[in-house]
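Q: Can you walk me through this one? I'd like the ligand site to begin with, then the backbone.

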Amino acid sequence: MDPVTLAILVAVVITLPLVAGLIALVTVRRRRNRSSTLLQPAEPRVGDDAEVPRDTATGTVEEVELPTLPRQPTYETPAPVLGRLTRLRARLARSQSSLGRGLLALLSREQLDDDAWEEVEDTLLAADLGVAPTQELVSRLRARLRIEGGGSPERARTVLREELLATVDPTMDRTLAVRRHEGKPGVVLVVGVNGTGKTTTVGRLARMLLADGGSVLLGAADTFRAAAADQLQTWGERVGVDTVRGPEGGDPASVAFEAVREGAEREVDTVLVDTAGRLHTKTGLMDELGKVKRVIEKQAPVTEVLLVIDATTGQNGLVQARVFAEVVHVTGIVLTKLDGTAKGGIVVAVQRELGVPVKLVGLGEGADDLAAFDAEDFVDALLDAA
Ligand code: GDP
């Protein structure tokens, strides 16, 4: 062996164990570091097993039950209640434009002769104000404009506004008795002839109450038409409100009873009960509505009875309204479809006829086109249009 090869051999023999030792040292260090961060030292305690006993059942992937997450329904958010009539005022003004414009044009004339006053009277009668309120209003306007002087559009407007407002009566209490009282939910019975917008009103009122922070349960006591209960349920589902319903053709009173019982148990704020509106015979109607009310009151007092009237039916609607008012003690009027008629005078006529305030008005087919009635806003809308 030549000296060079020998030197290389010696060098290899000497360095090889050194390199191996160095690698081993680094590996051990690393392991120690890792175990010190991942495994927290834990003192074994009495009763602890050093290792998992062999007979312990171990779960397999197949056995793990995945949680089934409920599909979160998305509900509509009803429009705020405050200022709704202001929002819908343009619509109201548009429908009543002929009334407001007609009256102001007549009263602004320099000379108000008998013919002119007759025209004022005709305009009011055409707007369904009713005979007695029309005559009273005309005589008050005549007296004031004669004494205080008319002739200027501003003057005519001021006097007309004041007198119309007095006729609509801003002093009537229009608050809805819908809140919980003495530990019981408020119970609202909605009555009226089919087609007036009863079910729509129940659905929209539910939305208003929700927007106001209340909780609601619906009762579909119109058991004669399955479609009516379906329609009501759909209104409820849109905003996450439940509907209590019974079998088609079942007893309306028992559905109403069940709805109020359920509402009391769930501690909701308000139970809204939709009723059948067939105008068969007065005695039939009286028996049915009377029974519904009596049966409900075994659970909780009926706090509000709302009579729905279609404004477009005018005086005819009044006749029907009278029949209902004789059967149940009506506490408020809902005047629907005011957007579709120029006969805004019906507000006054119906209040006079029944001695009950108009509390809500319908101003369109939209889900939130129901507003709390306000005398000043109403009169201003009539005159805005002029
Ligand atoms: P019900 O038979 O008394 O329950 O009447 P519905 O609630 O089914 O309503 C009858 C029709 O009147 C529906 O087409 C409603 O959309 C419509 N309706 C209800 N209220 C109003 C309203 O304020 N304005 C308009 N334009 N239509 C309305």
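This is a predicted model: local features need pLDDT of at least 70, side-chain atom pairs count only at pLDDT 80 or more; totals for chains, interfaces and linings use all residues.

Q: How many residues surround the ligand, and which are the closest?
A: The shell has 18 residues, and the closest are G195, K198, T199, T200 and E365.

Q: Which element gives the largest share of that shell?
A: Helix α8, residues 198–211, with four residues.

Q: How does the shell divide into nonpolar, polar and charged?
A: Two residues are nonpolar, 10 are polar and six are charged.

Q: What about the side chain of T200?
A: An N or O atom there is 2.4 Å from an oxygen of the ligand.

Q: Which pocket is the ligand in?
A: The second largest pocket.

Q: Switching to the backbone. Where is D169, and what is its phi?
A: D169 is in the loop between α7 (153–168) and β1 (186–191). Its phi is near 70°, a positive value in a residue other than glycine.

Q: What about E182?
A: E182 also has a positive phi, near 45°, and lies in the loop between α7 and β1.

Q: Are those two buried or exposed?
A: D169 is partly exposed, at 24% relative accessible area. E182 counts as exposed because its relative accessibility is 71%, and the cut-off for exposed is over 50%.

Notes:
Residues are numbered from 1 along each chain as its sequence is written. Side-chain values use heavy atoms; hydrogens and water are left out. A residue is near a molecule or strand if one of its heavy atoms lies within 4 Å of it. A polar contact is a pair of N or O atoms within 3.5 Å; within protein, one must be able to donate a hydrogen and the other to accept it, and residues adjacent in sequence count only if both atoms are side-chain atoms. On a 1 Å grid over the protein atoms alone, a cavity is a set of points where a 1.4 Å probe fits but cannot get out, and a pocket is an open set with protein on both sides within 12 Å along at least five of seven lines; lining residues have an atom within 4 Å of a point. A molecule sits in a cavity or pocket if more than half of its atoms lie within 2 Å of its grid points. Helices (H or I, at least four residues) and strands (E, at least two) are DSSP runs, numbered from the N terminus. Ala, Val, Leu, Ile, Met, Phe, Trp, Tyr, Cys and Pro count as nonpolar, Asp, Glu, Lys and Arg as charged, and the others, Gly among them, as polar. Buried means under 20% relative accessible area, exposed over 50%, partly exposed in between (1.4 Å probe, protein chains only).
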